[in-house]
Amino acid sequence: MVGELTWSRRLVGLWLPLTLLFVFALFPFAWMAATSLKANAELYDPTANPLWIRHPSLVHYIDLFKETNFVVWIGNTMLVATVSTVISLLLGVMLAYPLARMRFPAAGLLAITVAVTYLVPQTLLFVPMADLINRMKLGDTLTAVMLTYPTLLVPFCAWLLIGYFKTVPKELEEAALIDGASRWRAMTRVILPLCTPGFLSAGIFAFTLAQNEFLYALLFLNTSTIRTVPVGVTGELIRGDAFYWGQLMAAAFLGSLPVVLIYSFFVKYYVAGLTAGSVKG
Amino acid sequence: MSTNPVLEAARPATRAVPAGRPFRLREWLEREAVFSWLMLTPPLLFLLAFLGYPFCYGVYLSFVKRPVAQPATFVGLGNFVNLWNDAIFWQAVWNTFRFTAAATVLKLVGGLGMALVMHQNFKLKGMTRALLLLPFIVPTVLSTVAWQWIFDPGMGMFNRLLMFFDLVKQNQGPSWLGNPTLAMVSVILVNTWRGLPFFGITILAGLQTIPDELMESATIDGAGTWARFRYVTLPLLMPVIFIVTTFSIIFTFFDFQLVYVLTGGGPANATHLMATYAYSVGMSSGQLGMGSAAALAMVPVLGVVLLMMSSYVRRA
């Protein structure tokens with residue numbers, strides 16, 4: 001009888017815990033969406049059923065677009081995330097390729113350095129970084145975050161790509177070299193194209209991390225029109241003690257949407273990136 | 001043939017280069033070490049400028065007194081002595097340890113459970129995994145704002161539900177973020193909510209690498225569900241569990257966003273973490289030296305965790 005899956009066993013062992021997990025993971029999003037669709041009269045009515053929407057209304061979304069720079073924040077977030085992802089992938093490849101595929105003195109030491117820089121948290125560096133950015137006269141510019149985000153992303157990208165580059169057999173490169181290709185050509189034409197899944201994983205992961213970043217954005221972006229979504233929402237939609245919950249939830253919902261959409265197209269690569277460090281390494 | 005005067009003028013110059021030299025340059029470039037260092041130099045310079053230099057500069061700042069926009073004066077260990085005598089700093093240290101320990105245990109146990117549940121055959125598994133990972137994907141600040149609204153004492157979801165089921169009267173529900181103990185519980189709950197899928201999905205990936213044959217032979221040998229889990233699954237999962245836990249400890253210990261947005265460290269510093277405390281000293285009060293010292297006070301913890309990790313990796 002061991003291992004036989006009866007209906008009741010399946011209910012207790014699978015469907016019940018799965019339902020609980022779903023509720024726990026997703027109810028904040030449901031609450032977010034429901035709140036954003038209720039006009040204030042219903043939202044703050046203590047007699048109304050909090051989990052039900054009687055009169056759906058888009059008033060909070062309309063206000064969000066009319067009264068705040070939300071559209072600009074979305075644009076800034078996308079721009080910053082894209083630029084810093086591209087920079088991080090480029091620098092990541094330049095670090096990872098020699099470390100994964102070349103033999104030279106100090107290679108081992110460098111690989112450890114990269115692993116350590118990945119684990120150095122941003123919280124350690126923000127005070128000197130703020131001072132540094134101000135002295136470079138980059139305070140309150142998008143350049144400041146485009147330059148600082150890659151510091152968080154490059155070590156991760158490099159680490160993940162090292163793993164991918166190592167999976168490509170050395171013989172492929174040697175064959176290309178014997179056929180007269182230069183090292184550069186062997187890299188760009190033979191090895192890198194084979195590692196496309198690695199680039200997708202690293203890219204998607206870096207992109208979501210860049211969209212999520214808050215501390216540097218909080219430190220460096222003060223003018224409303226150059227803010228990203230996280231600092232815009234916390235800095236301008238929360239005014240003193242007054243919380244405009246309808247608008248806040250509309251902003252949180254719309255602000256999450258781009259990341260979630262991109263993620264949904266590349267789930268496989270995202271999960272590969274997430275688990276690469278711990279399962280393979 | 002080109003008649004462009006610029007090209008014509010350039011041509012003799014290229015011819016003037018000795019015939020053997022470009023060839024030798026190419027050969028030099030083909031050497032493994034040369035090629036490697038040419039590739040490595042730009043990213044290393046970048047990391048040196050934006051990670052190495054700020055770190056050293058931070059160490060320097062921790063030894064000076066430097067209010068924003070004023071010259072620095074050397075104070076030696078003065079900043080650290082001030083921190084040592086600062087009750088709020090010690091409270092932040094204690095909070096950080098409590099927060100990290102509780103959240104890590106919850107995420108580990110919950111994540112292990114999630115992975116075991118997910119490691120069964122059922123329809124739409126890929127979709128389930130994608131949906132359960134959502135808390136980890138959505139920008140932390142945005143989901144934290146939603147949680148703030150869930151915890152709202154007046155009209156938040158928790159208290160509305162308590163009211164709806166007549167468990168409390170209007171405006172008499174618990175003040176989730178206003179009571180020191182409840183605020184800490186709330187902060188731990190939100191961190192667990194966000195980090196649990198990371199544990200779950202990574203441990204699941206580890207589970208999937210365990211060959212079915214091992215399970216089958218254990219079953220044939222008479223091992224029950226618990227024995228299979230205890231003596232086959234768990235030992236094989238240990239490396240994954242160890243790495244995920246170490247990562248999570250680091251990211252939880254240095255967490256900033258969650259507490260900054262949810263409670264701002266309050267009420268009465270009950271949820272201040274070392275990171276939010278360093279921010280409030282260094283940025284809000286503008287004492288860069290003290291702020292740097294408070295941030296550097298977290299280094300020993302990072303060092304211990306890294307040492308644990310490297311000794312484990314060496315042993316494995």
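## Basis of the model

The model is predicted, so that local features need a pLDDT of at least 70 and side-chain atom pairs count only at pLDDT 80 or more, whereas totals for chains, interfaces and linings use all residues. Residues are numbered from 1 along each chain as its sequence is written, while chains are lettered from A and ligands numbered from 1 in the order in which they are written.

## Chain A

The secondary structure of chain A consists of 14 helices and two strands, where helices (H or I, at least four residues) and strands (E, at least two) are DSSP runs numbered from the N terminus. Chain A is more spread out than a compact globule, because its radius of gyration is 24 Å, well over the 19 Å that the globule rule gives for 281 residues; this radius is taken over C-alpha atoms, and the rule is 2.2 Å times the number of residues to the power 0.38. Along the principal axes, the C-alpha atoms of chain A fill a box of roughly 80 × 70 × 30 Å.

Of the 281 residues in chain A, 44% are buried, a residue being buried if 20 or more other C-beta atoms lie within 10 Å of its own, exposed if 12 or fewer, and partly exposed in between, with C-beta atoms placed from the backbone. Among the contacts in chain A with a separation of 6 or more, 77% are accounted for by residues 24 or more positions apart; two residues are in contact if their C-beta atoms, placed from the backbone, lie within 7 Å.

## Chain B

Chain B has 16 helices and two strands. With a radius of gyration of 28 Å, well over the 20 Å that the globule rule gives for 316 residues, chain B is likewise more spread out than a compact globule. The C-alpha trace of chain B spans about 95 × 70 × 45 Å along its principal axes. Buried residues make up 39% of the 316 residues of chain B, and 66% of the contacts in chain B between residues at least 6 apart in sequence join residues at least 24 apart.

The domain assignment of chain B gives domain 1 (5–61) and domain 2 (78–315), with bounds that come from an automatic or database domain assignment. The centres of domain 1 of chain B and domain 2 of chain B, taken over C-alpha atoms, are separated by 44 Å.

## Helix packing

Within chain A, helix H1 (residues 7–36) and helix H13 (residues 245–265) pack at an angle of about 125°, with their axes 8 Å apart; axes are lines fitted to C-alpha atoms, for helices over the stretch in contact, and angles run from 0 to 180 degrees between N-to-C directions. H1(A) is therefore oblique to H13(A), given that angles under 35 degrees count as roughly parallel, over 145 as roughly antiparallel, 65 to 115 as roughly perpendicular and the rest as oblique. The contact is made by A:Met32, A:Ala33, A:Thr35 and A:Ser36 of H1(A), together with A:Trp245, A:Gly246, A:Met249, A:Ala250, A:Ala252 and A:Phe253 of H13(A).

Between the chains, the axes of helix H6 (residues 126–135) of chain A and helix H15 (residues 288–296) of chain B come within 8 Å and cross at roughly 140°, which makes H6(A) oblique to H15(B). A:Val127, A:Pro128 and A:Asp131 of H6(A) make this contact with B:Leu288, B:Gly291, B:Ser292 and B:Ala295 of H15(B).

## Selected residues of chain B

B:Val109 is placed in helix H5 (residues 87–118) of chain B and is partly exposed, with 13 other C-beta atoms within 10 Å. The C-alpha atoms of B:Val109 and B:Gly200, which are 91 residues apart along the chain, are separated by 9.3 Å. B:Gln70, in the loop between strand E1 (64–65) and strand E2 (73–74) of chain B, is exposed, with 10 other C-beta atoms within 10 Å; the C-alpha atoms of B:Gln70 and B:Leu112, 42 residues apart along the chain, are separated by 52 Å.

B:Leu124 is not a glycine but has a positive phi of about 60°; B:Leu124 is placed in the loop between H5 and helix H6 (125–132) of chain B and is exposed, with 9 other C-beta atoms within 10 Å. B:Asp166, also not a glycine, has a positive phi of about 60° and is found in the loop between helix H9 (157–164) and helix H10 (180–207) of chain B, where B:Asp166 counts as exposed with 7 C-beta neighbours inside 10 Å.
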